[in-house]
Amino acid sequence: MWSFSNIADSIQNWLNQTFSATWSLVMQMLIAGIAVISLFAILGLVLVLMERKVSAWMQIRLGPNRVGPKGILQTLADTLKLLVKEGLTPAGADKILFNLAPVLALVIGMLLMAPIAFAKDFQLWNLNIGVLYISAVSSVMVISILMAGWASNNKYSLMGAMRSGAQIVSYELSAGLSILTIVVLCGSLNIPDIIYSQADGWWIFKGHIPAIISFVIFIIAVTAETNRAPFDLAEAESELTAGFHTEYSGMKFALFFLAEYVNVFIVCAIGATLFLGGWMPFHIGQWESFNRVMDYIPSSIWFFGKTFFLIFLIMWFRWTFPRLRIDQLLNLEWKYLLPISMINLLLVTVIAILGWHF
Amino acid sequence: MFEEIGTTTEGDLIINVGPQHPATHGVLHLVITLNGETIKKLEPHLGYIHRSIEKMCESLTYRQFIYVTSRMDYLSAHINNQACALVVEKGLQIEVPDRAKVIRVLMAELTRIASHELWWGAMAMDIGAFTPFFHAFRERETINDIMEETCGARLTMNYMVPGGVMQELHPNFQKKVKEFIKLFRLKVHEYEELLTGNIIFQNRMKDIGVLSKEDAISYGCTGPVGRGSGVSCDIRKLYPYDAYDKVQFDEVIETAGDSLARYMVRIKELHQSISIIEQLIDNIPEGDYQAKTKAVLKLPKGEFYQRVETARGEFGVYIVSEGGTTPHRIKFRSPGFSNLSALNHMAKGSKLGDLVAMMGTLDLVIPDIDR
């Protein structure tokens, strides 16, 4: 059947036959790089439009509907505007760090794309410690925000950056622990292994209540990690005007904006991979015929469907909840989420050792 | 005076919130001394939108000066105009027809609902919830449409004149108001479901920006801010004007004095306003909408004062007349100014995020503070 992995394999075979081994590898890397960059751009366009449409739907508005049919070209027009806008560097700013920060934010997003399985056996880099790699690289994200806040030489930016530093470092713990529960359950850090272990049912169904608890904690923690409302204290429009990116304009701002949305996509993709089976179709135990029917839906549709469902969930939060205060935010993590996820991890370990999961 | 130019003193961070800032909803300038995220001192700076309305009014006749007051608290434009009309009527001892009185009260209550709606949306936006803003504006738009039909304007209606109201009600008025009230009862419930019960919202509001009863009195806080601290200060109840003595309504008083109390006062006031409108909408007396007045109004020599309850609190008009066609001296007592003065007291020691929530519950309209 038609699938991404077949296309990838045929391209690889063709390259190997036509070029020498070294050149073939270089070409493959180039193609992968271009694919990631274009996926990045497309995701940015789609997610920004989706956010605007979702918010409009929740706020009894129409949303963008002028540029292109149903406004689908609106983001393109916005990007064009941001491209031609002057990218200002404030006089008192640390020029190198100031200009480096948005690029760093983007690069981290791109790095995180590598081990994600977009479709059946379709992955840029099959890393045996994929999950660890993701949590390690995503924690570098805070550096770009701190860098931006510090280099801007603006008090609002600095406060936004400090808030964000405290927030991301705290919530990383819960996110990491809830990822660990799945790792404990399936006994592997490799992303394809994790997905194949869900062939007879997704972990959220197989792992009893602890898996559901860790899924909820994961969603809360990643919402905070990506600085999305109700945890958008780093930006906190009504308090800090725009937080860490107050001084950014033009394309530099656009890079931050893009990085935010791509990060949302990535964390949702990870959530879908770990808890909802990634590209794995919805299977129920031994129901062979049902599973066969589900397999007819292409794996990439399963993956993107689940991911976009989680993205919608996170957007739903943003347009419903008021923002937390900084001390409440840290209380929530250190007093509630962290102890709960620790106990939860213990429970899951017991379940895994005794083999109680399905 | 020039403190705000320096960056730090004793390691504190001094930031200027405003004059252009998303949370101030106007050109208010707050100089805040911060220790980390905690507020040590807060100093409001005014004057960015000063238009010397009081001085302007001294060169306008008693018919003309009313319209300038719409530009002060533009969300209570009707009620400001009403106060001015009342003080002129008091000076000239004009007997206002009953019909005009009832129409005035109806309009004032509709204005109050519209104002509280905008406050609700803007305050929710201050604490980070965007959606309520749009939901509030949907209903506010209906009120604006009703106003537009009768008064010809949506924001600065200029409908009140000395002796009554400017023109007859639109034939659709009663029908539309009844429809609106029916819809609005459901919507208020929806608002409460969306925001009031939310745990994040409760945590952001409860025990934040506490203003004790004594402090509220000494700072001169009125309106929902004063009543949230347990001060009985509803002018409609204490010194009834126009048709307020003919209607049944409760003065909403909460005793906690925190942000949540101020919030609840306004939400409950919405219900009271609905009930006032319901009592009057079917009982608008027949008769003239305006008393016969002289073409040129001249207040007798003396001093005149009238206070009314706007959506933000007690609004007073003080006129000194020398007997001419224009006031000799005019002074407005605006509720926002006194309410703002309590902000430093309330905000001291709380977090920056709470300041925004507090300002939201004070319901500041900057042109009202800075006339």
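Hi everyone, a word on conventions before we look around. Residues are numbered from 1 along each chain as its sequence is written, while chains are lettered from A and ligands numbered from 1 in the order in which they are written. Since the model is predicted, local features need pLDDT of at least 70 and side-chain atom pairs count only at pLDDT 80 or more, whereas totals for chains, interfaces and linings use all residues.

How confident is the prediction? The model scores ipTM 0.79 and pTM 0.85. pLDDT is the predictor's confidence in each residue, from 0 to 100. In chain B its mean is 86, and 97% of the residues reach 70 or more. Over residues 1-6 of chain B, though, pLDDT stays under 50.

Let's start with the sheet in chain B. Helices (H or I, at least four residues) and strands (E, at least two) are DSSP runs, numbered from the N terminus, and two strands pair if DSSP finds at least two bridges between them. In what order do the strands of the open sheet run? The order is β7-β8-β9 in chain B, with antiparallel pairing. The edges are β7 (302-309) and β9 (329-333) of chain B, each with a single partner strand, so one side of each has no neighbour in the sheet. On average, neighbouring strands here are turned by 10° against each other, direction ignored. For angles like this, axes are lines fitted to C-alpha atoms, for helices over the stretch in contact, and angles run from 0 to 180 degrees between N-to-C directions.

Now the pairs themselves. β7(B) and β8(B) are joined by 8 bridges, and Glu303(B) has Val320(B) in β8(B) as its bridge partner. Their hairpin has 4 residues between the strands, and in it Gly313(B) takes a positive phi near 145°. Helix α3 (residues 77-92) of chain B lies across β7 and β8, running at about 145° to β7(B).

Next, helix packing. Two packed helices are described by the angle between their axes and the distance between the axes. In chain A, the axes of α4 (residues 95-113) and α6 (residues 141-151) come within 8 Å and cross at roughly 160°. That makes α4(A) roughly antiparallel to α6(A); the cut-offs are under 35 degrees for roughly parallel, over 145 for roughly antiparallel, 65 to 115 for roughly perpendicular, and oblique for the rest. Which residues meet here? Among them are Leu97(A) and Phe98(A) from α4(A), and Met147(A) and Trp150(A) from α6(A). By class, this contact has 13 nonpolar, 1 polar and no charged residues. For the classes, Ala, Val, Leu, Ile, Met, Phe, Trp, Tyr, Cys and Pro count as nonpolar, Asp, Glu, Lys and Arg as charged, and the others, Gly among them, as polar.

In chain B, α11 (residues 259-281) and α14 (residues 352-362) pack at about 30°, with axes 9 Å apart. That makes α11(B) roughly parallel to α14(B).

Finally, where do the chains meet? 21 residues of chain A are in contact with 27 residues of chain B, contact meaning that C-beta atoms, placed from the backbone, lie within 7 Å. On the chain A side, α11 (237-240) and α15 (326-354) each supply at least two residues. By class, that side has 9 nonpolar, 5 polar and 7 charged residues.

How values were computed:
Contact = placed C-beta atoms within 7 Å.
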